Amino acid sequence: MHVDIGAALASAADPGVERVTLDELDERVAAAHDRIEQGRNDDEFGYTSLNLPETTDAEAIRDAVAPVADAESVITVGIGGSALGAKTITEALAEDPSSHVVLDNVDPEHVRRTLDRLSLADTAINVVSRSGTTAETLANFLVVREAYEDRGVDWTERIVVTTGESGPLRALADQHDLPTLPVPEGVPGRFSALSAVGLVPPAILDIDIEGLLAGGQQAAGDLAPSLYDSPAYAYGAMAYALEEAGATVNAVMPYAERLESFGEWFAQLWAESLGKDGRGQTPARALGATDQHSQLQLYRAGHRDKVVTFVRPRERTDVAIPDPDHEDLSYLAGTDLGGLIDAEYEATVASLPATDRPALEVEIDRLDAESVGELLYAMEAACVLVGELADVETFTQPAVEWGKNATRALIRGEDTDETAVIEERERLRIGETESI
Ligand SMILES: O=P(O)(O)OC[C@H]1O[C@](O)(CO)[C@@H](O)[C@@H]1O
């Protein structure tokens with residue numbers, strides 16, 4: 001994996017980072033690296049996430065999924081970090097990405113439609129919750145369990161549970177003696193892709209989970225006291241410096257359909273880790289080449305508050321473009337789709353500094369287990385570095401609790417501070433909807 005930061009230097013873009021600023025920042029990177037390594041060595045909360053390539057027990061995962069290894073599909077019931085890592089990995093690497101269905105929302109129409117179209121007898125259930133109490137996950141699990149029962153499929157024979165040591169999900173697993181895997185201690189969900197939390201569906205779908213962990217080890221080995229020696233820290237240091245220079249939006253634009261969910265995973269990692277104390281880059285999700293015809297106008301000519309992070313695999317499979325039969329398309333003759341998307345990548349990356357806007361490039365060798373594991377780990381390490389440089393609490397997410405408390409109170413019909421806020425919040429309705 002390599003990172004190219006040239007199109008985000010002040011000589012290329014505004015906001016941009018002066019080389020002298022980067023060199024000064026590199027001294028802080030060295031100190032942050034030492035802090036991170038100390039946290040890893042002491043298995044400190046959060047920092048221990050960067051030890052997962054070493055500590056994750058791939059054999060235990062394979063043993064746990066053995067009873068459902070014949071499943072043609074997997075339905076993951078989880079949300080946030082308990083779903084996005086697995087979703088990213090299977091989308092990038094599964095023979096058939098549609099064989100992994102993720103229920104990470106409680107949209108009734110979507111849940112019903114998803115269950116109706118699945119052959120539940122051939123589908124494994126992967127239910128994941130660190131806390132074991134997340135309302136969306138538990139509610140969806142109860143609906144999924146009832147669907148299996150209604151169709152006469154023994155759900156206890158088709159399930160793997162990944163959860164913490166306590167809570168309703170652990171109790172259910174113990175009650176029914178279900179195959180269970182632990183969530184790694186001290187690892188927030190958004191940092192858990194390279195653990196059982198992210199690796200059960202890949203293991204069921206015959207993805208090389210050992211290769212994913214090897215790729216993570218490769219990225220771990222590339223962490224160094226200087227950003228000039230570490231792709232992950234180069235990316236993290238530039239992202240931090242660009243935010244300091246005014247780039248408060250980080251639009252992640254992978255040039256591979258199989259990396260679209262990577263953008264969703266990155267969004268939680270970046271937002272939930274760094275959105276603290278009134279700061280944090282807003283992760284925007286884009287996809288190349290598609291969003292050249294959608295968001296690129298804003299990225300090139302809108303507010304100077306963004307950096308675009310381009311991600312691509314260097315190697316691609318290819319599809320030849322048949323010779324065109326119109327002279328206006330003669331430029332496509334003898335080319336292929338891989339060559340076209342790579343040309344579009346080069347053109348779009350250059351189009352940002354061509355209008356003085358910053359771009360960062362992350363390139364992996366190919367879409368295989370090692371490269372995807374390396375990419376996930378590197379972005380996690382980059383995120384931890386930004387948290388150190390920004391001096392925020394990278395591994396907690398206190399701001400998400402208010403909504404959870406309010407939801408529970410609404411459902412229970414209780415009067416709480418939160419429900420009072422809901423009742424009294426400012427409203428000015430324009431237009432009419434049918435009253436229900
Ligand atoms: O794994 P759990 O405990 O169900 O949490 C799911 C997600 O919800 C959050 O706790 C935020 O509410 C995320 O940090 C986490 O990834």
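## Strand β2 and its sheet

β2 is mostly covered, with four of its five residues buried (buried means 20 or more other C-beta atoms within 10 Å of the residue's own, with C-beta atoms placed from the backbone). Strands are DSSP runs of E with at least two residues, and helices are runs of H or I with at least four; both are numbered from the N terminus. This is a predicted model: local features need pLDDT of at least 70, side-chain atom pairs count only at pLDDT 80 or more, and totals for chains, interfaces and linings use all residues. Residues are numbered from 1 along each chain as its sequence is written.

The open sheet has five strands in the order β3-β2-β4-β5-β6, and the pairing is parallel. β3 (100-103) and β6 (180-182) stand at the edges with a single partner strand each, so one side of each lacks a neighbour in the sheet. Neighbouring strands are turned by 20 degrees against each other on average, direction ignored. Axes are lines fitted to C-alpha atoms.

β2 (residues 73-77) pairs with β3 and with β4. Pairing requires at least two DSSP bridges between the strands.

| Pair | Bridges | Sense |
|---|---|---|
| β2 and β3 | four bridges | parallel |
| β2 and β4 | five bridges | parallel |

I75 has V101 as its bridge partner in β3. V77 stands opposite L103 in β3; in β4, V77 has V127 as its bridge partner.

Notes
Axes fitted to C-alpha atoms, helices over the stretch in contact; angles between N-to-C directions. Buried ≥ 20, exposed ≤ 12 C-beta atoms within 10 Å, placed from the backbone.
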